[in-house]
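Reader: I've got a model open and I'd like to learn how to read its sheets, helices and ligand surroundings. Can you walk me through it?

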Amino acid sequence: MSVAPLAEPEVLVPASEEEAIAAFGDGTGVTVLGGGTILMPELAAGRLKPEKTILLARAGLDEWRDEGGTTRIGAAVSVGALVDAPEPLASAARHVADYEVRSQGTLGGNLCAGPGRGFPRGDLQAPLIALDAYVRSAGAGGERTEPVERFLSTSPGNRLVVQVEFETRDRLGGWAALERPHAHSYTALSVAATISPSGSDLRVACSGAGPYAVRLRSVEQGGLDGDPGEALRDVHLTDDALASAWYRERMLPVLVGRVLSQLKEAG
Ligand SMILES: Cc1cc2nc3c(=O)[nH]c(=O)nc-3n(C[C@H](O)[C@H](O)[C@H](O)COP(=O)(O)OP(=O)(O)OC[C@H]3O[C@@H](n4cnc5c(N)ncnc54)[C@H](O)[C@@H]3O)c2cc1C
């Protein structure tokens, strides 16, 4: 009996955005590696055996520009670099893991992280919803730019994130999270919000209350003086390895209340 040799895994290192998009194609059978903080342990342990891997490190997606009032951040910009971003993105970035993970992990990886084994990940997602950010991605059907909450509800895992952009207006930002004692720990629950200078446009979201971040529209409708408990209308809480649904149900209104207070004090 003859045994067919195993196909060599393909590793591509695109040198530009165009090359990265071409290498990704429609995404079939492709694994994208940003900083590798999530993927590398999976590869090293042999739990993931990709046929074709794209390394983004040299694709020129690590640029961050402020053009005519719009902030554009490449998918390969590190979480560590985002500690200088507008709030509440900066606060969330500062609280991701430790220096080592922040230096290596990327914005694109955080958006596509999805739930880990038994707990949610992706602390930058809620701040990006609060900032009314848009994701530019490539994949089946070509390139498209869409609100981050729509991207999170339909596409993570299917598309190549190229860039994130949002208007750099004078919005006030607030952020609060369940603090956990260990620097390496994931955040169990966090809330991010922004409000326009006129106070007419409040945007609130939370990470950690589901597989991806969720916009808290019921809180937004109540305004800064609304009932923080309304947040519970927008989430479906479950138990996981980090916290019980019972605990999150009690803490989510507390965090929302803190963030609304931050915005009131800053206004
Ligand atoms: C000890 C430790 C602690 C951590 N703590 C936190 C924490 O507190 N908060 C938090 O949010 N995260 C945490 N993380 C998870 C992770 O480090 C971050 O979410 C990081 O931003 C992931 O980015 P990455 O580039 O390393 O992702 P990678 O490991 O490269 O990829 C993660 C996923 O995203 C996909 N991907 C990567 N880039 C793209 C892209 N441009 N387009 C499409 N898909 C892409 C990959 O295919 C993979 O599915 C922690 C990780 C570790 C190891």
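Reader: In which sense do β9 and β10 pair?

Author: Strands of a sheet pair through backbone hydrogen bonds, either parallel or antiparallel. Here β9 and strand β10 (residues 190-195) pair in the antiparallel sense over six bridges. Two strands pair if DSSP finds at least two bridges between them. Helices (H or I, at least four residues) and strands (E, at least two) are DSSP runs, numbered from the N terminus. For a spot to look at, Gly173 stands opposite Thr194 in β10.

Reader: How are the residues numbered, and what kind of model is this?

Author: Residues are numbered from 1 along each chain as its sequence is written. The model is predicted, with local features needing pLDDT of at least 70 and side-chain atom pairs counting only at pLDDT 80 or more, while totals for chains, interfaces and linings use all residues.

Reader: What is the strand order in the sheet that holds β9?

Author: That open sheet of four strands reads β9-β10-β11-β12, with antiparallel pairing. Its edge strands, each pairing on one side only, are β9 (172-177) and β12 (214-215). Helix α9 (residues 245-266) packs on this sheet and touches β9, β10 and β11 (202-207). Contact is judged by C-beta atoms, placed from the backbone, lying within 7 Å. The direction of α9 makes about 150° with that of β9; axes are lines fitted to C-alpha atoms, for helices over the stretch in contact, and angles run from 0 to 180 degrees between N-to-C directions.

Reader: And what about the open sheet of five strands?

Author: There the order is β4-β5-β8-β6-β7, again with antiparallel pairing. β4 (64-67) and β7 (144-147) form the edges, each pairing on one side only. From one strand to the next, the twist averages 25°. Four bridges join β4 to β5 (residues 70-74), and Arg65 stands opposite Arg72 in β5.

Reader: Which strands run parallel to β3?

Author: β1 is joined to β3 by three bridges and runs parallel to it, with Val11 opposite Thr53. β2 also runs parallel to β3, over four bridges, and Leu33 has Leu55 as its bridge partner there.

Reader: Which residues of α1 are buried?

Author: Burial is a neighbour count: a residue is buried if 20 or more other C-beta atoms, placed from the backbone, lie within 10 Å of its own, exposed if 12 or fewer, and partly exposed in between. In α1, Glu17, Ala20, Ala23 and Phe24 are buried. Seen down the helix axis, the buried residues of α1 fall within an arc of 130° (taken from the directions from the axis to the C-beta atoms), so they line one face of the helix. Glu18 and Ala22, on the other side, are exposed. The buried residues of α1 pack against β1 (10-12), β2, β3 (52-55), β6 and β8.

Reader: Which residues come nearest to the ligand?

Author: Of the 31 residues around the ligand, Gly34, Gly35, Gly105, Gly108 and Gly109 do. By class, the shell has 15 nonpolar, 14 polar and two charged residues. Ala, Val, Leu, Ile, Met, Phe, Trp, Tyr, Cys and Pro count as nonpolar, Asp, Glu, Lys and Arg as charged, and the others, Gly among them, as polar.

Key. Near = placed C-beta within 6 Å. Contact = placed C-beta atoms within 7 Å.
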